[in-house]
Amino acid sequence: MSTFDEQKSPNERIPDKLIQELERDTHAKLNIEQLTRITAMVREYQGNIKSHLTQQQAKKSSWADRIADRIAVFGGSWTFIVLFALFLVSWMLLNLTRFAYDKPPFILLNLILSCISAFQAPVILMSQNRQANRDKQEAILDFAINYRAEQENMEMKELLERMDQRLERMEREIFHR
């Protein structure tokens with residue numbers, strides 16, 4: 001007997017006639033090993049789709065796009081926040097001493113901050129737009145995979161219903177003898 005049959009109690013085991021009937025029907029030849037293999041194939045297919053999508057995105061990205069992505073990653077990190085805070089504090093402390101070159105109200109510092117903001121904001125927005133496009137493509141692929149899985153589930157349901165009808169018919173034949 002197969003491992004599927006061994007997992008069932010003796011009362012739940014499928015009669016030999018049903019197994020023979022299913023072996024004759026090419027649509028009903030699905031066992032646990034095949035289902036496991038199909039599941040693994042779907043997982044591998046999904047992984048291949050995502051890696052393919054990443055490769056396509058990398059091919060489409062220019063060097064400027066990659067730089068923008070790196071700037072966005074760094075600009076949105078705690079490392080940037082801590083380093084920038086240290087820079088600001090250092091600037092202010094230095095300019096409160098007698099070596100000051102930008103006395104309060106720190107007009108040169110304000111100019112530097114404005115320039116950084118003027119360049120950093122559009123770069124981050126460009127990176128976010130590319131990420132949104134990537135997310136949209138992944139959502140479309142996920143929808144396609146889910147739609148196909150739903151179709152396969154419906155086919156499996158129809159197959160199980162046919163098997164159930166055959167089983168009921170065989171039980172009627174067996175018990176009415």
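Q: Gln120: buried or exposed?
A: Gln120 counts as buried, at 18% relative accessibility. Buried means under 20% relative accessible area, exposed means over 50%, and partly exposed lies in between, with a 1.4 Å probe and protein chains only.

Q: What sort of model is this?
A: The model is predicted: local features need pLDDT of at least 70, side-chain atom pairs count only at pLDDT 80 or more, and totals for chains, interfaces and linings use all residues. Numbering runs from 1 along each chain as its sequence is written, and side-chain values use heavy atoms, without hydrogens or water.

Q: OK. Where does Gln120 sit?
A: In helix H6. Helices are DSSP runs (H or I, at least four residues), as are strands (E, at least two), numbered from the N terminus.

Q: What is Gln120 in contact with?
A: Gly75 and Phe80, once neighbours within four places in sequence are left aside. Contact means heavy atoms within 4.5 Å.

Q: How many residues does H5 have, and what does it span?
A: H5 has 17 residues and reaches 24 Å from first C-alpha to last. That is close to the 24 Å expected at 1.5 Å a residue. The expected span is 1.5 Å times one less than the number of residues.

Q: How does Tyr101 count for accessibility?
A: Partly exposed, because its relative accessibility is 49%.

Q: Which peptide bond is cis?
A: The one from Pro104 to Pro105, with omega near 20°. Pro105 is in the loop between H5 and H6.

Q: What about phi at Phe106?
A: Positive, about 55°, although Phe106 is not a glycine. Phe106 also belongs to the loop between H5 and H6.

Q: Why flag those two?
A: Because most residues other than glycine have a negative phi, and most peptide bonds are trans.

Q: Last one. Phe106: buried or exposed?
A: Buried, with a relative accessible area of 13%.
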